[in-house]
Each structure stands twice: as structure tokens, then as C-alpha cells.
Amino acid sequence: MEEDYGVTDSPRKGPTLSTSTSSFEPFDAHDPNLSRLATKMFQKTGDYITHELASTVDDYKLIESMNRAMMGKVADMRQMSQSIAAKNTELNQKYEDLKPLLQRIDDIESTVDKLEAAAYQLDSYSIRLENKFKSLKAKQ
């Protein structure tokens, strides 16, 4: 018994290495309806793949436009934050310039509080002195 090694006989061409039982042979005339359907299937598959790729391209274009818009927003926010930082630095400098004056105001307020306390003491003393004077005058 001879070994076949996967070689089979084709109905038209003789021995082949195929294990398929299909009667399709390349370059042989075959059913025109099958050919038309296969062509139609390949066209539809091509159209489907074309539309899928177009959809993907549209998605990437949308993402690209969103990225551009976001870059514009980020640039605006960056400019705004730089402006805020500059104004903050300016305000801090003005505060540092006013700090000695504010300290002088605090010192003056403290002195005024002391003067007010002294004025109350002096008023109290003058009232006591006036009362003493009236009592001495009344005794005479």
C-alpha cells in the first residue's frame, strides 16, 4: 500500500495537495451567478471597510479639533493666570510699601488709647478736686 501524503485527485486536473472536496479550480469557468454574487460581496465588503475607515478618520478629525479648542482654552487660562500672578505681585508690593505706614497708624492708635486713659484719669481727678473744693468752700 502506497502512502498518499495528503495528495487527492481533482475531478478535472488529477492529483492535488488539497483535502478539500470543492470542485472549484482556478482559471476554470464556473457558475456566473456565483461569480456575480462574489463580486457583489467583495464590493459591499470594500464599501463597508471604506465607510469604517472614513468613520475612524472623522473621529480623529473631531479629536484633533477638540484638542485645538482645548489648547486655545489652556492658552487663555495660562494668560489669565499670568495676569493674576502679576496683579498679586503688584498688590503684595503695595502692601509692603504700606506696611511702615500701617505700623505708624497702629502706634498712633496705641498712643491715643493711652492719652484717652490719661484724660479719663485727669477728668476723674478734676471731678474729685472740684468736689473737695466745693466741700471746703461750703465749710467756710
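**Exercise 1.** Which residues make the nonpolar surface patch of about 470 Å²?

*Solution.* A note before we start: this is a predicted model, where local features need pLDDT of at least 70, side-chain atom pairs count only at pLDDT 80 or more, and totals for chains, interfaces and linings use all residues. Residues are numbered from 1 along each chain as its sequence is written, and side-chain values use heavy atoms, leaving out hydrogens and water.

Step 1: recall the patch rule, which takes residues with over 30% relative accessible area and no salt bridge, joining nonpolar side chains (Val, Leu, Ile, Met, Phe, Trp, Tyr) within 5 Å and like charges within 9 Å. Areas come from the Shrake-Rupley method with a 1.4 Å probe, and for residues only the protein chains shown count as cover.

Step 2: list the members, which are Tyr95, Leu98, Leu101, Leu102 and Ile105.

**Exercise 2.** Find how Glu64 and Arg68 interact, and say how accessible each one is.

*Solution.* Step 1: their side chains meet in a salt bridge, 2.8 Å from N to O. The cut-off is a side-chain nitrogen of Lys or Arg within 4 Å of a carboxyl oxygen of Asp or Glu.

Step 1: both residues lie in helix α1, 4 residues apart, about one turn of the helix.

Step 2: Glu64 is partly exposed at 39% relative accessible area, whereas Arg68, at 55%, counts as exposed. Here buried means under 20%, exposed over 50%, and partly exposed in between (1.4 Å probe, protein chains only).

Methods:
Helices (H or I, at least four residues) and strands (E, at least two) are DSSP runs, numbered from the N terminus.
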